[in-house]
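Me: I am new to this structure. Please pick a single part and take me through it closely, step by step.

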Amino acid sequence: MPKQPQPLNPYYSRTDTAKLSVADAEWKVLLSRTLYKVARKGVTEQPFTGKYWDNESPGTYFCAVCGNRLFRSEEKFTSSSGWPSFLKTVRSNSVRYRKESAMEMEVLCGRCGSHLGHLYTDGPPPMGRRFSINSALLEFEADRDPSEDRS
Ligand code: FE
């Protein structure tokens, strides 16, 4: 599996945190069809179908559209919902929010504004927050296993 699935995407960066302003038409050219539909049209993937809903490996999750650092595995929890679920983001500005109802906020990437998923208030205590994120929008990089160091 390639680490950076969109090598032609000039906006992709894992270090640049400056906000992007890119027209939808341009994203349509740069992103795969599936990624474009979820990221820019807000289509939700089917539960239990994404590649990360049951991933328990230690590592970091990045935005698949722009490379923004979003979540850590320590904040991921097992959810019966069938979508990758997290307690909190890596930084407070990793994401932005758009209120949809009293119980539900849309979660957008803080850098590129892509639709990531939703934030609900029925998560585990004490915070009660549950980020429910589409696998399609996530890129997972596993932590390096120190036992593999042979220096
Ligand atoms: Fe992004």
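Reply: Asn68 sits in the loop between β1 and β2 (69-72). Strands here are DSSP runs of E with at least two residues, and helices are runs of H or I with at least four, both numbered from the N terminus. The model is predicted, so local features need pLDDT of at least 70 and side-chain atom pairs pLDDT 80 or more, while totals for chains, interfaces and linings use all residues. Residues are numbered from 1 along each chain as its sequence is written, and side-chain values use heavy atoms, without hydrogens or water.

Asn68 has 3% relative accessibility, so it counts as buried (under 20%; exposed is over 50%, partly exposed in between; 1.4 Å probe, protein chains only). Its side chain makes a polar contact with the side chain of Arg91, at 3.0 Å. Such a contact is a pair of N or O atoms within 3.5 Å; within protein, one must be able to donate a hydrogen and the other to accept it, and sequence-adjacent residues count only if both atoms are side-chain atoms. Leaving out residues up to four places away in sequence, Asn68 touches Ser13, Tyr61, Phe62, Cys63, Arg91, Ser94, Cys109, Gly110 and Arg111. Contact means heavy atoms within 4.5 Å.

Cys63, Cys66, Cys109 and Cys112 coordinate the iron ion through their SG atoms, at 2.3 to 2.4 Å. Donors are N, O and S atoms within 2.8 Å of the metal (3.2 Å for Na, K and Ca); water is not among the atoms, so sites may look incomplete. The donor angles run from 102 to 114 degrees, so the arrangement is tetrahedral (four donors, all angles between 85 and 135 degrees). For comparison, the ideal angle for four tetrahedral donors is 109.5 degrees.

Along the chain, the donors follow the spacing C-x2-C-x42-C-x2-C. Distant parts are linked this way: Cys63 lies in β1 (residues 59-63) and Cys109 in β6 (residues 104-109), 46 residues apart. Both Cys63 and Cys109 are buried.

β6 belongs to an open sheet of six strands, ordered β3-β4-β8-β7-β6-β5, with antiparallel pairing. β3 (76-77) and β5 (95-101) are the edges; each has a single partner strand, so one side of each lacks a neighbour in the sheet. β5 pairs with β6 over six bridges, in the antiparallel sense; pairing needs at least two DSSP bridges. Glu104 in β6 is the bridge partner of Ser101.

Technical notes: Four donors count as tetrahedral if all angles lie between 85 and 135 degrees; four count as square planar and six as octahedral if opposite donors are over 155 degrees apart and all others between 65 and 115; anything else is irregular.
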